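Please read them alongside the coordinates.

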Amino acid sequence: INCTETSHKGFLCATATVPLDYTRPTAGTIQLFVVRHPAENSAARQGSLFINPGGPGGAGADSLPRMYPMFPEAVRQRFDLISWDPRGIGSSTAVKCFDSTKEASAFFANVSKGFPRGEHEEKIWVRTYTELARRCKERNPELLEHVSTADSAQDLDFLRAAVGEEKLNYYGMSYGTFLGATYINMFPYHAHRIILDSNVLPTAWTNNGNSHAGFTSTDLLLGAHGAQATLQQFW
């Protein structure tokens with residue numbers, strides 16, 4: 001149906017019902033919010049192009065309308081441009097850790113704005129976010145078990161089939177390159193034109209199957225631990 005939000009003018013909106021757990025497809029479902037802009041020249045249409053703006057957790061349904069004018073005219077003319085809010089965020093079935101914005105604001109009231117400064121602020125930061133993780137897991141135990149990149153790749157293949165495409169055309173940026181690479185590995189015979197822009201190192205988003213790793217190599221890549229060690233030299 002036509003999207004009702006002014007920011008989504010020209011787009012069609014839909015909700016797709018997908019399995020929570022693809023290994024147990026009858027054990028429950030979740031919703032994915034999807035937006036599509038039809039090809040501007042229907043006579044020249046070549047298919048659908050799925051877009052992931054990065055993240056993880058980037059809300060594609062909000063990002064694509066903003067990005068749409070930046071796509072080359074030849075792409076807009078020939079392809080339906082499609083994006084979605086990945087499972088766990090946005091207008092899809094989302095992880096909800098609070099009942100209201102007011103409750104969330106109160107929870108973070110004592111946390112410093114920006115990066116914590118000094119040992120006191122660091123302890124508050126760590127304590128608050130440790131409690132946040134516990135709280136979110138307690139309120140969303142099943143959903144949080146199924147928000148992996150592999151789950152999102154399966155969602156992407158579900159959406160590909162739902163719009164009637166035999167092969168996937170895909171454009172992923174930043175973290176979206178890892179999602180694209182995961183899709184290619186999981187569904188190599190369904191991949192057609194795959195564009196991976198501003199690539200991240202795939203191994204930086206995994207822990208090589210080590211469930212006992214203290215932190216993933218992603219943290220190392222982004223420099224969080226190195227930055228913390230440097231800052232502590234000044235405390």
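1. R76 is placed over the face of Y68, 5.8 Å from the ring centre. The rule for a charge over a ring is NZ of Lys or CZ of Arg within 6 Å of the ring centre and within 35 degrees of the ring normal.

2. The model is predicted: local features need pLDDT of at least 70, side-chain atom pairs count only at pLDDT 80 or more, and totals for chains, interfaces and linings use all residues. Residues are numbered from 1 along each chain as its sequence is written, and side-chain values use heavy atoms, with hydrogens and water left out.

3. Aromatic pairs number ten, under a rule that takes rings of Phe, Tyr and Trp (its six-membered ring) with centres within 6.5 Å, planes under 30 degrees apart being stacked, over 60 edge-to-face and the rest tilted. F71 and Y171 make an edge-to-face pair, because their ring centres are 6.1 Å apart and their planes stand at 85°. F71 is in the loop between α1 (60–67) and α2 (73–78) and Y171 in strand β5 (residues 168–173), so this pair ties together parts 100 residues apart in sequence. Helices (H or I, at least four residues) and strands (E, at least two) are DSSP runs, numbered from the N terminus.

4. F71 is buried at 9% relative accessibility, and Y171 is buried at 15%. Buried means under 20% relative accessible area, exposed over 50%, and partly exposed in between (1.4 Å probe, protein chains only). One aromatic cluster is formed by F98, F107, F108, W125 and Y129.

5. K167 sits in the loop between α6 (149–162) and β5 and is partly exposed, at 37% relative accessibility. Leaving aside residues up to four places away in sequence, K167 touches R160, Y189, H190, A191 and H192, where contact means heavy atoms within 4.5 Å. A polar atom of the K167 side chain lies 2.5 Å from the backbone oxygen of Y189.

6. The whole structure holds two disulfides, each defined as a pair of cysteine sulfur atoms within 2.5 Å. C3 and C13 have their sulfur atoms 1.8 Å apart, and their link is right-handed, with 110° about the S-S bond. C3 belongs to the segment before β1 (12–19) and C13 to strand β1, ten residues apart. C3 is buried at 13% relative accessibility, and C13 is buried at 13%.

7. C97 and C136 form a disulfide with sulfur atoms 1.8 Å apart; this link is right-handed, with 120° about the S-S bond. C97 lies in the loop between β4 (79–84) and α3 (101–107), and C136 in helix α4 (residues 118–139), 39 residues apart. Both C97 and C136 are buried.

Technical notes: Polar contact = N/O pair within 3.5 Å; in protein donor to acceptor, adjacent residues only side chain to side chain.
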